[in-house]
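Subject: Structure handover

Hello,

Here is the structure for you to take over. Please open it next to this note; what I found follows below.

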Amino acid sequence: MATGVEAARAVADQLAGLGLSPSDYAAWRASVAQRRQPIEQIDEIRVVGLERVSRDLFEPVVEQHQGQPLDREQLESDLNRLYGRGDFERINYRVEREDGRNLLIVDAVEKAWGPGYLSFGLGLSNDFEGDSRFGLRATYRQTWINALGGEWLSTINLGNEPEFFSEFYQPFNRERTLFVAPYVDWGKVPLSVFQGSNRIARYDIARARVGVDLGTTFSRFAELRLGLLTGQAESTVDTGSSLIPEDHYNETGIRGRLLYDTRDSGALARRGSYLRADLFAPLESLGADRQYFRTEIQAGKALSNGPSTLALNLRGGSAFGETMPYYDQFPLGGFLKLSGYANEQFRGNQYAFGSLVYQYQLTTLTPPLGKGLYLGGSLEAGRLWDVYEELNPSETRYGSSLFFGADTWLGPFYFGLGLSGNGETSGYVILGKP
């Protein structure tokens, strides 16, 4: 919008001859309003242009508006929500008279480049404390595999955090209020072990899982999943001390997730809220070698006034008195997770964390480059309990940061400086998802 205003003002003299006087403009608006006279009843609704997308998707709109007076505001809201699913280039409507009846025609133009979508990404991160991660990512999403909207999603990541994930998402009804989602997941990540501020070892953590989730969606912004999985996890020393034992575990058990998200961006959100609750529980009764209940809750709220945004983030987790494998304990440390410390410098079986992040939008970006450029800062505090005391004792720690950020088409970009509560400093460069 700002770009359009600037371009129009640059040619204001040329545009002046096209303008109307206030009285002429008022008369024109009155004529437009007259053409939009109330329509007492919609006798029939036709949806045209569909090839792959099931007409069932439009049934709630048809049921709500057919036989009723035309509510343009509600109809446009309903069609905008359907457009937001991402299946269409555009959705228009018009009302015509046919044999003395009011016919509402919904013209839905599907994306010409679907229903399969292939995308690529890049992830880089460095905390200048020896933790450097990089990855090239490819994602393929096949939509509308069947009339109920089944989808197949696969992601592969190449780099020092290799990963392969594939899931088939099958709704049981057109509203997607109930679905099943079988999946396979394999990944390998580096894990550093710190004693104080010194890195004493690096481990490789490899995981392979096969599972199935049963889930439901409610409202427009929330999803609940509960599933069974079987899998293996292995930690091996790459370099350094073997103070933390190498492990190989069967992780067969259950997992659950509740997600509520109204943010306008998954990267540098300017408004909206989110709540996420996760449960992972290997169960000996199902064959797991070690039983524990890993539960974590994350919540956040972003509020904006003009170019300024203030975001509050809260997190907490517990194993309810059990001792989890070191690689599965809750990590703290790193950019916006106790800035000033190394990435994932601390781990424990219980934790609490909170942060307050301020960001100022310097300018907007022109698509497809991204959304905006930002300057910001943060104040953070966190504490871990039930830790390896010989590595890092349990205490409340503080962090703060100053950063330059950008919401780009490759994902969030950050260049930041962190200062910990005990005076340690660190720099961070992050692009996309490592």
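Of the contacts in the protein with a separation of 6 or more, 53% are between residues 24 or more positions apart. Please keep in mind that this is a predicted model.

**Overall picture**

The secondary structure comes to 5 helices and 22 strands. Along the principal axes, the C-alpha atoms fill a box of roughly 85 × 55 × 35 Å. The protein has 434 residues, and buried ones make up 41% of them.

The peptide bond from glycine 114 to proline 115 is cis, with omega at about 0°. Most peptide bonds are trans.

Strand 4 covers residues 116-126 and strand 5 covers residues 132-142. The two pair in the antiparallel sense, over 11 bridges.

Most residues other than glycine have a negative phi. Is phenylalanine 128 buried or exposed? Phenylalanine 128 counts as exposed because its relative accessibility is 53%, and the cut-off for exposed is over 50%.

Strand 5 also pairs on with strand 6 (residues 151-159). These two run antiparallel and are joined by 8 bridges. Here tyrosine 140 stands opposite serine 154 in strand 6.

**The loop between strands 16 and 17**

Strand 16 is 330-332 and strand 17 is 346-348. The loop between them holds glutamate 344 and glutamine 345.

Take glutamate 344 to begin with. Its side chain makes a polar contact of 2.9 Å with the side chain of arginine 347. Beyond its neighbours within four places in sequence, glutamate 344 is in contact with Arg133, Ser192, Phe194, Pro331, Leu332, Gly333 and Gly334.

Now glutamine 345. With its relative accessible area at 3%, glutamine 345 is buried. What does it touch, leaving aside neighbours within four places in sequence? The contacts are Phe194, Gly196, Ser197, Leu332, Gly333 and Asn392. Phe194 is on the contact list of glutamate 344 and on that of glutamine 345.

**A nonpolar patch on the surface**

Leu310, Leu312, Leu314, Leu356, Tyr358, Tyr360, Leu362, Leu375 and Leu379 form a nonpolar patch. Together they have about 820 Å² of accessible area. Which elements give two or more residues to the patch? They are strand 15 (308-318), strand 18 (350-364) and strand 19 (370-385). Strand 18 gives the most, with 4 residues.

Tyrosine 358 is one of the patch residues and lies in strand 18. Its relative accessible area is 36%, so tyrosine 358 is partly exposed.

Strand 19 leads on to another antiparallel run. It is joined to strand 20 by 13 bridges. Glycine 377 stands opposite leucine 402 in strand 20.

The loop between strand 19 and strand 20 (396-408) contains aspartate 386. Aspartate 386 is a residue other than glycine with a positive phi, near 55°. How accessible is aspartate 386? Its relative accessible area is 35%, so aspartate 386 is partly exposed.

Strand 20 pairs in the antiparallel sense with strand 21 (residues 411-420), over 10 bridges. Glycine 399 stands opposite serine 420 in strand 21. A hairpin through 2 residues joins strand 20 to strand 21.

**Where to look, in brief**

- The cis peptide bond between glycine 114 and proline 115.
- The polar contact between glutamate 344 and arginine 347.
- The nonpolar patch, with strand 18 giving the most.

Over to you.

Best wishes

Conventions: Residues numbered from 1 in each chain as written. Predicted model: local features only at pLDDT ≥ 70, side-chain atom pairs only at ≥ 80, totals over all residues. Heavy atoms only, no water. Pairing = 2+ DSSP bridges. Polar contact = N/O pair within 3.5 Å; in protein donor to acceptor, adjacent residues only side chain to side chain. Contact = heavy atoms within 4.5 Å. Patch = residues over 30% accessible without salt bridge, like charges linked within 9 Å, V, L, I, M, F, W, Y side chains within 5 Å. Areas by Shrake-Rupley, 256 points an atom, 1.4 Å probe, with all protein chains shown as cover. Salt bridge = Lys/Arg side-chain N within 4 Å of Asp/Glu carboxyl O. Buried < 20%, exposed > 50% of the residue type's maximum accessible area, 1.4 Å probe, protein only.
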